[in-house]
Amino acid sequence: MTLLTRLAVLIAAATLVTPSFAANPDWSQVGKALGKGGTTQADGVYRVGLPRTDLKVSLDGVSLKPGFALGGWIAFEPMGNQAMVMGDIVLTQDEVNPVMKKLQEGGIEITALHNHLLRAEPMTLFMHVFGQGDPAMLATALHAGLALSKTPMETAASGAAQPQPATQQIEFDTAAVDKAIGHKGKANGGVYQFTIPRAETITDGGMTVPASMGTAIGINFQPTGGGKAAITGDFVLISSEVNPVIKALQDSGIEITALHSHMIDEQPRLFFMHFWANDDAAKLARGLKAALDKMNLANS
């Protein structure tokens, strides 16, 4: 769908539909159609987590937790009484083409397909999706595609939130990591996570794309013992920031593992840089801070 076509759809939606859904969205039918409920975020986005808890993936001898590097998601943003949906689905190599074909048949656009890590076994791929329209119909199309993968999906009688994994102890000095990065992290399922928004307003097809739809910088630490941690995530960059950030990371011994786009019509144009290292957690935090200092971040 071209940008002009998307704008036409948005204008039509805003003109023809009643505003009741956006004003007071009922996501229960979306959760039911998708087969798994989510949670409404502070910015009004309805987000459903799709971690690949069924996969056993390792990299350089580190067994990767689902919340560390296998965390897929689908997010719906109200648009009149319709919705815009974006997502990042984690797939094995043999799942990619059947899922892609089924999603396209259902009217879901594929906006990216790529790796996040190097040397991970088995290899996982990340498929980014986009759609606009009736939220329950979008969820139905997404469910049909996901059903061709082994993504764990719980049948939800309603859109109620699912229980979150219990918080596990983080075995490194999180206060030192917080201080080095300059932001407060959050423990979740044995992973220490940072979500850092950019300063700019990001749009796609005329719609604002908030942080909960994948436009915030994500940094994950997974303890590996002795004060060390493996790190991964993605930096969200504008073009002028890409090479300064590469240098800052490499100077700190942090490996760049992927650089690509996630969307097609976003403004400003964004690049997503994934990374990996396994070393002293505070040392790595200082390296990540050197990279963050090259970016235009929102005030925390």
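Reader: At what angle do helix H5 and helix H6 pack?

Author: Happy to start there, with the reminder that this is a predicted model. H5 covers residues 96–105 and H6 covers residues 135–146. Their axes lie 8 Å apart, and the packing angle is about 160 degrees.

Reader: Are H5 and H6 roughly parallel or roughly antiparallel to each other?

Author: The angle between them is about 160 degrees. Angles over 145 degrees count as roughly antiparallel. The two helices, H5 and H6, are therefore roughly antiparallel.

Reader: Which residues of H6 does H5 meet?

Author: H5 passes H6 in a right-handed crossing. From H5, the contact takes in Val99, Lys102 and Leu103. By class, the residues of this contact are 5 nonpolar, 1 polar and 1 charged. The partners in H6 are Ala141, Leu142, Ala144 and Gly145.

Reader: How does that go for H7 and H9: are they roughly parallel or roughly antiparallel?

Author: Helix H7 spans residues 174–181 and helix H9 spans residues 281–292. Their axes come within 8 Å and cross at roughly 20 degrees. Since angles under 35 degrees count as roughly parallel, H7 and H9 are therefore roughly parallel.

Reader: How many charged residues does the contact of H7 with H9 have?

Author: The crossing here is right-handed. On the H7 side are Ala176, Val177, Ala180 and Ile181, and they meet Ala281, Ala282, Ala285, Arg286, Leu288, Lys289 and Leu292 in H9. Sorted by class, the contact of H7 with H9 has 9 nonpolar residues, no polar ones, and charged residues numbering 2.

Reader: Which residue forms a salt bridge with glutamate 95?

Author: In it, the closest N and O atoms are 3.0 Å apart. The pair links distant parts of the chain, 43 residues apart: glutamate 95 sits in the loop between strand E6 (82–92) and H5, while its partner sits in the loop between strand E2 (46–51) and strand E3 (58–59). That partner is arginine 52.

Reader: Over which residues is the pLDDT below 50?

Author: The protein averages a pLDDT of 90, and 87% of the residues score at least 70. Where pLDDT is low, the predicted coordinates should not be read in detail. One stretch below 50 has 7 contacts beyond near neighbours in sequence, and another has 26 such contacts. In that order, they are residues 11–18 and residues 156–166.

How values were computed
Residues numbered from 1 in each chain as written. Predicted model: local features only at pLDDT ≥ 70, side-chain atom pairs only at ≥ 80, totals over all residues. Heavy atoms only, no water. Axes fitted to C-alpha atoms, helices over the stretch in contact; angles between N-to-C directions. Helix = DSSP H or I, 4+ residues; strand = E, 2+ residues; numbered from the N terminus. Parallel < 35°, antiparallel > 145°, perpendicular 65-115°, else oblique. Left-handed = near helix turned anticlockwise from the far one by under 90°. Contact = heavy atoms within 4.5 Å. Nonpolar A, V, L, I, M, F, W, Y, C, P; charged D, E, K, R; others polar. pLDDT = per-residue confidence, 0-100. Salt bridge = Lys/Arg side-chain N within 4 Å of Asp/Glu carboxyl O.
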